[in-house]
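Good morning, and thank you for joining. Please have the sequence and the coordinates open while I speak.

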Amino acid sequence: MAWSIELLAAAHRDRLLSFEVRNREYFARSIPDRGDDFFAQFDHRLHALLDAQEEGTDLFHVILGPEGGQPIIGRINLTDVDAGGASLGYRVAEAAAGGGVATWAVGRICELAVGSYGLCTLTAEVSHGNVASRRVLERNGFRVQGSASWDGGTGVRLLRSL
C-alpha cells in the first residue's frame with residue numbers, strides 16, 4: 001500500500017478537478033449531486049476552501065494513489081473544527097472503492113486529528129443506504145449517536161472519541 005494523505009493545496013487544482021469530474025456520476029448514486037455550478041465555479045470554490053483552511057475552521061485533504069504522478073483517488077476532510085472536535089467527511093473514487101482505501105484513510109485522518117490537529121472527537125454522518133461507508137466508520141471506532149438529516153436524505157450520526 002502506497003497511499004498517502006496531503007493537506008489540500010492550490011497545486012492540487014487540476015488533479016482535484018479531474019477526480020471530481022471522473023467520479024461525478026458515481027458520487028451522485030449515494031449523495032446529492034453538486035450540480036453544474038460546482039464545476040463552473042471550481043476555482044472560486046477551491047480558493048474558498050483554502051481560505052477556510054487558512055483560518056483554521058476546516059482542514060481539507062486529498063488521498064493520493066500509488067501510481068506515477070500521484071493521482072487523487074479520494075478526499076477526506078475535517079470541517080467545523082472547534083473546541084477539540086470536527087466533522088469528518090470523505091469520498092473515494094469509483095476505481096479505488098472496495099480496496100481498503102477508505103478504511104485506511106479514515107484511520108489515518110484519526111491519527112492526524114489527534115497528533116497534528118489536537119482534536120479529541122470526530123463526528124460523521126452517513127445515509128441509511130450507504131452501508132459500506134458506515135462499515136468503514138465503525139471499523140475505525142465510530143459509534144452511532146443518533147439520527148441525522150440533510151437536504152435530500154436521512155441517516156445516522158456517528159461519533160469517535162480520539
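I shall go through the strands, the nonpolar cores, one arginine and the aromatic pairs, in that order. Please keep in mind throughout that this is a predicted model.

Let me begin with strand E2, residues 59–64. How many of its six residues are buried? Six of the six are, so E2 is largely enclosed by the rest of the structure. The cover extends to both faces: on one side Leu 59, His 61 and Ile 63 are buried, and on the other Phe 60, Val 62 and Leu 64 are as well.

E2 has pairing partners in E1 and E3. With strand E1, residues 4–7, the pairing is antiparallel and runs over four bridges; here Val 62 of E2 is the bridge partner of Glu 6. With strand E3, residues 72–82, the sense is again antiparallel, over six bridges. Within that pairing, Asn 77 in E3 stands opposite Phe 60.

Another antiparallel pairing joins strand E6, residues 143–150, to strand E7, residues 153–161, over seven bridges. In this case Arg 157 in E7 stands opposite Gly 146. Two residues lie between the strands of this hairpin, and Gly 152 takes a positive phi near 90° there.

I turn now to the nonpolar cores. The largest has 27 residues, and those touching the most other members are Ile 76, Leu 78, Leu 88, Val 106, Leu 122, Leu 137 and Phe 142. Several elements give two or more residues to this core: E2, E3, strand E4 (85–92), H5, strand E5 (121–127), helix H6 (131–139) and E7. Which element supplies the largest share of this core? That is H5, with eight residues.

Leaving aside residues up to four places away in sequence, its contacts include Leu 59, Leu 88, Ile 109, Tyr 117 and Leu 122. There is also a second, separate core of 17 residues, and among its members are Leu 8, Phe 27, Leu 46 and Val 62.

Next comes Arg 91, which is placed in strand E4. Is this arginine buried or exposed? Its relative accessible area is 12%; buried means under 20%, so Arg 91 counts as buried. Its side chain is joined to that of Glu 20 by a polar contact of 3.2 Å. The charged end of Arg 91 also sits over the ring of Phe 27, 4.3 Å from the ring centre. Beyond four places in sequence, Arg 91 touches Phe 19, Glu 20, Phe 27, Ile 31, Arg 34, Ile 73, Gly 74 and Arg 75.

A pair of aromatic rings is described by the distance of the centres and the angle of the planes. The count of aromatic pairs comes to five. Trp 3 and Trp 104 have ring centres 5.9 Å apart and planes at 55°, so this pair is tilted. The two residues are 101 residues apart and link distant parts of the chain: Trp 3 lies in the segment before E1, and Trp 104 in helix H5, residues 101–115. Trp 104 is partly exposed, at a relative accessible area of 22%. By contrast, Phe 38 and Phe 42 form an edge-to-face pair, with 5.8 Å centre to centre and 80° between the planes. Both of these phenylalanines are buried.

That concludes the presentation, and I thank you for your attention.

Terms used. Residues numbered from 1 in each chain as written. Predicted model: local features only at pLDDT ≥ 70, side-chain atom pairs only at ≥ 80, totals over all residues. Heavy atoms only, no water. Buried < 20%, exposed > 50% of the residue type's maximum accessible area, 1.4 Å probe, protein only. Pairing = 2+ DSSP bridges. Phe/Tyr/Trp six-rings, centres within 6.5 Å; stacked < 30°, edge-to-face > 60°. Lys NZ or Arg CZ within 6 Å of the ring centre and 35° of its normal. Core = buried A, V, L, I, M, F, W, Y, C linked by side-chain atoms within 4.5 Å. Contact = heavy atoms within 4.5 Å. Polar contact = N/O pair within 3.5 Å; in protein donor to acceptor, adjacent residues only side chain to side chain.
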